[in-house]
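Reader: I would like to learn how to read a structure like this one. Could you show it to me and take the features in turn?

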Amino acid sequence: MHGAAAQETVKIGIPVGLSGANSVVAPSVVQSSELAAEEINAAGGILGQQVELVVADDGSGAQGAQRAFDSLVFQSDVDVLISMETSAARNAGLPIVNRAGKPFIYTSFYEGRSCSPWMYVDAWVPEQQVMPIVDHFADNLSAKSFYLIGSDYDFGRGMLEFTRSYIEERGGKVLGEEYLPMDGSDWTAIISDLKSKNPDALITSTAGGAPNVTLTKQLRNAGVTIPYGNLAVDEGTAKNMGGDATGIFISQSYLTGIESPENQKFLAAMKAKFGDELKTPNDLSVPQYEAIYLYKAAVEKAGSTDPQAVVDALPEVSYTGPRGPIQMNKQHHTPLTMYMGQVTAEGGVEVIKTFDNVDPGEQCPNL
Amino acid sequence: MATLFLDILTTASMLFIVAAGLMIILGVMKLINFAHGAFLTVGGYAVHVVTDAGYNAWLTIPAAAAVGFLLGVVVERLVVRPLYSRPLDAILATWGLGIVIAQVIVFIFGREVQFAASPISGTAELLATTYSAWRLILVGAAVILGVLLTALLYLTRFGLNARAVIMNEDLARGLGIDSVRVRAMTFGLGAALACAAGALITPLLSVDPNMGLPWLVNSFMLVLVSGVAIPGLALASLLLGGAQVLVSTFVSPIIGGITIVVLAAVILRIKPQGLSRG
């Protein structure tokens with residue numbers, strides 16, 4: 001159906017976890033989307049047409065995603081899907097995207113290797129996030145032995161599996177790798193095991209929110225002070241942990257402390273638009289903002305919203321946003337500037353090292 | 001070895017503190033309060049509110065207990081008492097109440113994890129090992145709680161009335177004991193204990209709308225196994241809590257999480273009246 005010229009708006013479908021596991025972070029994603037749409041519309045829209053956001057709840061899971069994608073693609077007939085969601089939701093939505101032939105920009109960091117001719121990813125994969133932390137621990141903090149703790153699900157296990165193989169590739173040793181179910185909060189036995197094995201450093205990949213807090217609190221209560229790299233904590237949760245989070249190393253493609261002019265402008269605009277209701281921008285909401293601009297650039301390059309033309313144009317356009325320059329030209333993924341930070345006593349994050357242009361590796365060799 | 005021993009002791013203490021409120025309500029009112037997990041959560045949020053406002057973290061425990069007592073008395077009057085003659089419906093009502101409380105918390109505070117300061121942090125030296133200071137304090141708290149509850153039950157008029165109602169409510173009423181008032185006070189006490197327990201375990205947990213839910217199942221199984229007796233609850237806590245720690249340590253933490261439930265089912269199969277004598 002060639003309706004691009006006859007349509008009055010460019011519709012961006014946003015399936016996101018308004019309920020369920022992602023419900024804590026979804027509001028920030030919706031906020032950054034709203035800002036992007038507002039800015040683009042104020043500057044004349046995309047190819048002269050106003051941008052309209054259509055948000056649908058995917059319940060943070062497979063069933064909800066199926067419903068959300070179906071309604072966005074077949075009922076609302078959106079021009080593109082741009083969203084952050086759980087891997088379960090993404091895996092359920094991808095067949096619908098493939099069947100309908102709509103461009104889909106996935107804006108969440110994830111375990112990697114999800115491929116489709118219609119999907120592009122502008123967030124990090126383990127190759128980009130894990131290596132800076134392990135390198136820093138091994139090279140600068142003389143860590144030779146590591147202990148890994150995670151939540152028992154796809155992402156937790158996937159991240160730690162990658163971490164283990166990278167550590168061993170570097171000649172380090174993994175003394176223990178333990179998991180708890182996602183809603184588990186009693187880390188007692190694991191922490192006692194960690195203390196008895198006496199590793200040089202700890203790396204964790206739990207589900208976001210509560211497990212991060214319970215694990216960190218119990219670690220500190222048990223007197224564990226070795227270098228602690230957390231692959232899954234965000235600035236907001238770190239701030240709410242009070243003093244317990246001090247010293248934790250995190251590796252993200254976005255930190256509010258990034259000093260670029262693009263980030264300052266972005267933060268000022270978010271504060272102006274949302275005031276007290278502002279949810280802290282984070283590594284899940286900023287890629288969403290940039291993805292909308294990337295879509296705009298692709299449509300302008302292609303000269304229309306025709307799905308195939310846009311999909312062909314996406315790897316060729318780039319956008320410099322709060323995270324720096326983004327171009328999804330590496331097997332549908334993008335090289336990124338990774339920031340390694342450390343949580344301060346006040347709950348903020350201090351950037352201690354920046355890694356430019358970190359390659360995502362072989363994500364989709366067949367595309 | 002010392003660490004394992006302390007792990008078992010502190011885990012048992014936490015279980016005892018958390019389950020005590022549920023047991024009291026079960027004993028006097030023959031009612032499983034499925035809002036117990038929600039009361040734990042309320043206790044956690046009490047800690048958040050009190051410490052966020054800048055007050056001393058030690059005040060959170062009496063504050064939580066006070067909030068819990070008030071909440072319990074109100075809930076008993078509005079939700080439980082009208083369903084006195086329909087015990088199964090009353091249990092369902094408490095389940096619904098738990099859901100409502102959790103959602104009200106989301107309305108007021110949002111879904112995110114909230115900040116809550118701890119009264120003390122760090123470790124202490126004990127038995128030639130460094131161990132979490134707060135966990136050790138919980139052992140003391142459990143002992144004090146056990147002593148206070150026993151004193152309440154055996155040395156006070158209220159305790160006498162409560163024990164009569166536990167043994168045989170109709171007979172107690174026949175003797176002139178106002179069982180309605182006993183039930184109201186008991187529910188208030190059970191809720192106060194649940195909220196105080198929530199406040200006591202907050203330093204080790206995160207304050208979020210569902211923080212109490214995992215403890216509900218374990219408390220439920222513990223209370224079924226222990227029967228209505230404080231020594232029974234202490235024994236059950238040591239036994240089941242110890243088993244959980246042993247399985248988590250030597251088999252896997254994931255399987256350790258279901259140890260209490262499985263072991264409770266086994267014990268009840270062998271000895272349906274649980275660990276208490278009657």
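Reader: Is B:Ala234 buried or exposed?

Author: A residue is buried if 20 or more other C-beta atoms lie within 10 Å of its own, exposed if 12 or fewer, and partly exposed in between, with C-beta atoms placed from the backbone. B:Ala234 is buried, with 20 other C-beta atoms within 10 Å. Before going on: this is a predicted model, in which local features need pLDDT of at least 70 and side-chain atom pairs count only at pLDDT 80 or more, while totals for chains, interfaces and linings use all residues. Residues are numbered from 1 along each chain as its sequence is written, and chains are lettered from A and ligands numbered from 1 in the order in which they are written.

Reader: Which helix does B:Ala234 lie in, and which residues does B:Ala234 touch?

Author: Helices (H or I, at least four residues) and strands (E, at least two) are DSSP runs, numbered from the N terminus. B:Ala234 belongs to helix α10 (residues 230-250) of chain B. Two residues are in contact if their C-beta atoms, placed from the backbone, lie within 7 Å. Not counting residues up to four places away in sequence, B:Ala234 touches B:Phe16 and B:Gly146.

Reader: How many residues does the largest nonpolar core have?

Author: A nonpolar core is a set of buried Ala, Val, Leu, Ile, Met, Phe, Trp, Tyr and Cys residues joined through C-beta atoms within 7 Å. The largest one here has 202 residues, and B:Ile17, B:Ala19, B:Ala46, B:Ala64, B:Cys195 and B:Ala196 have the most contacts inside it. Helix α1 (residues 2-29) of chain B gives the most to this core, with 18 residues.

Reader: What domains is chain A divided into?

Author: Domain bounds come from an automatic or database domain assignment. For chain A they give domain 1 (9-124 + 258-334) and domain 2 (126-252 + 340-358). The C-alpha centres of these two domains lie 28 Å apart. Ten residues of domain 1 of chain A are in contact with 13 residues of domain 2 of chain A.

Reader: How many residues does each chain give to the contact between chains A and B?

Author: Chain A gives 29 residues and chain B gives 29 residues. On the side of chain A, β7 (173-180), α6 (188-197), α7 (210-221) and α8 (235-240) each supply at least two residues. The largest share of that side, seven residues, comes from α7(A). To sort residues by class, Ala, Val, Leu, Ile, Met, Phe, Trp, Tyr, Cys and Pro count as nonpolar, Asp, Glu, Lys and Arg as charged, and the others, Gly among them, as polar. The side of chain A that touches chain B then has nine nonpolar, 14 polar and six charged residues.

Reader: Why is α6(A) called largely enclosed by the rest of the structure?

Author: Seven of the ten residues of α6(A) are buried, so the helix is largely enclosed by the rest of the structure. Those buried residues are A:Thr188, A:Ala189, A:Ile190, A:Ile191, A:Ser192, A:Asp193 and A:Leu194.

Reader: Which residues of α9(A) are buried, and which are exposed?

Author: A:Asn263, A:Phe266 and A:Met270 are buried in α9(A). Seen down the axis of α9(A), the buried residues fall within an arc of 60 degrees, so they line one face of the helix; the arc is that of the directions from the helix axis to the C-beta atoms. They pack against α1 (26-42) of chain A. On the other side of α9(A), the exposed residues are A:Pro261, A:Gln264, A:Lys265, A:Ala268, A:Lys271 and A:Ala272.

Reader: Where is A:His332 found, and what is its phi?

Author: A:His332 sits in the loop between β12 (324-326) and β13 (336-343) of chain A. Its phi is near 70 degrees, a positive value in a residue other than glycine. A:His332 counts as buried, with 24 C-beta neighbours inside 10 Å. A:Asn357 also has a positive phi, about 55 degrees, although it is not a glycine. A:Asn357 is placed in strand β14 (residues 349-358) of chain A, and with 10 C-beta neighbours inside 10 Å it counts as exposed.
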